[in-house]
Structures are given as C-alpha cells and as structure tokens.
Amino acid sequence: TNNIPIATIANTLSTESNTLSSNESSSNAFKIIHVPIINQFPELPSGCEIVATTMLLNWYGYKIDKLLLANSIKTSPLPTSIKGVLHGNDPNDSFIGDPFSENSYGVYHKPIIDLINTYTNNEANNLTGSSFDKIIDTIKSNKPVIMWATIDMKSPSVTTSWKSPNGTVSWIAPEHA
C-alpha cells in the first residue's frame, strides 16, 4: 500500500532501484535518484503541478501520463471583473484556468491530493503545514515530495487577488511545483 504525502506529496513505498544519494558538494543536501524527468512544455505551460504529480506517480510505479492528469483535474475559469472587482474560484478547490494555456494560474495541494487519490487507492498524505525538518526527513527516507515553491526560489509576492466563494484569494508568484 502506498501513502503519498503532499506539501507537499511523498510516499512511504521505496524500491531498491530508487535510492537516496547524498550530494557530494554538501553533506546536508540529498536527492532521490531515478525520479522520471518529464517536461511540462510545450503541452502544459501552466501545468507544473500536474507534471510534478505525474513524475511522482510514475516514480511509485503508476504509469500515468501528464496529459491524462491534465485532462482529469477539476478546472475553473480565470477570474473575471465584475464592477471593477475580480471574482473567481479558489485554487484550493480547482485549477484556475487551463494547464494547457500560458494564461492561467494553477492549483494548490487539495485538488492534487484529490487527483492522486483518483488514480491510487486513496493514498495521498497531506504534509502541508509540517515542519521543514519533516519534509527533509521524508526526502532523506527516500520518498519524493511535491513542494510548492517559487521559480528559481525567487522571493514570492502577491500578483493578483480576487474574491472567491471561500474568501479572498491572493495568488503568489512566481509559484512553481
């Protein structure tokens, strides 16, 4: 049985062919080898979360294609202006926009957990809110993790905000999984 945690997402299953190795340049840096590298371009210019999920699931032996996942995730239209105020859905509920389009936002962890659970035996395990040490310990124990961060680890900033049924959404950029 797999247990695929998410912050962040990882899994408790390990195999002999997927082993943790220490980065020789730093005794504190670790990586999991043999994670399949899948390019999000050109098909999914806004779908980094989908591609990271595909890589994770493939590593755990689920032969799932990024396009299948992109077509399976719940999507919502881009926010629209009503009387000068943006209104839209919440990226905690659905992918905002279309992962096949450059002009989209993306999705947070909850819909990705739902997506993983759809293609596994409800094996997603949410690590969101865990300490950074727990995330590092997960990686050290040879379990890949999907992590929402920023492109090139740039400082995050709110680029757009809109009203959603769940309250105000503040889109953090340059968001990347």
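In strand 13 (167–173), the bridge partner of Ser 161 is Ser 170. Seven bridges join strand 13 to strand 12 (residues 157–164), and the two strands run antiparallel; two strands are taken as paired if DSSP finds at least two bridges between them. Helices (H or I, at least four residues) and strands (E, at least two) are DSSP runs, numbered from the N terminus.

The model is predicted, so that local features need pLDDT of at least 70 and side-chain atom pairs count only at pLDDT 80 or more, whereas totals for chains, interfaces and linings use all residues. Residues are numbered from 1 along each chain as its sequence is written, and side-chain values use heavy atoms, with hydrogens and water left out.

**Helix packing**

The axes of helix 1 (residues 48–59) and helix 3 (residues 109–119) come within 11 Å and cross at roughly 35°, where axes are lines fitted to C-alpha atoms over the stretch in contact and angles run from 0 to 180 degrees between N-to-C directions. The crossing is right-handed, a term for a near helix turned clockwise from the far one by less than a right angle. Glu 49, Ile 50, Thr 53, Leu 56 and Leu 57 of helix 1 meet Ile 112, Leu 115 and Ile 116 of helix 3, contact being heavy atoms within 4.5 Å. By class, this contact has six nonpolar, one polar and one charged residues, with Ala, Val, Leu, Ile, Met, Phe, Trp, Tyr, Cys and Pro counted as nonpolar, Asp, Glu, Lys and Arg as charged, and the others, Gly among them, as polar.

**Pockets**

A pocket is an open set of points, on a 1 Å grid over the protein atoms alone, where a 1.4 Å probe fits, with protein on both sides within 12 Å along at least five of seven lines; lining residues have an atom within 4 Å of a point. Grid points are joined across faces, edges and corners, and a volume is the space filled by probe spheres set on the points.

| Pocket | Volume | Lining by class |
|---|---|---|
| Largest pocket | About 640 Å³ | 20 nonpolar, three polar, one charged residues |
| Second largest pocket | About 260 Å³ | eight nonpolar, five polar, two charged residues |

Helix 1 gives the largest share of the lining of the largest pocket, five residues. For the second largest pocket, lined by 15 residues, the closest to the centre are Pro 45, Ser 104, Tyr 105, Ile 151 and Glu 175.
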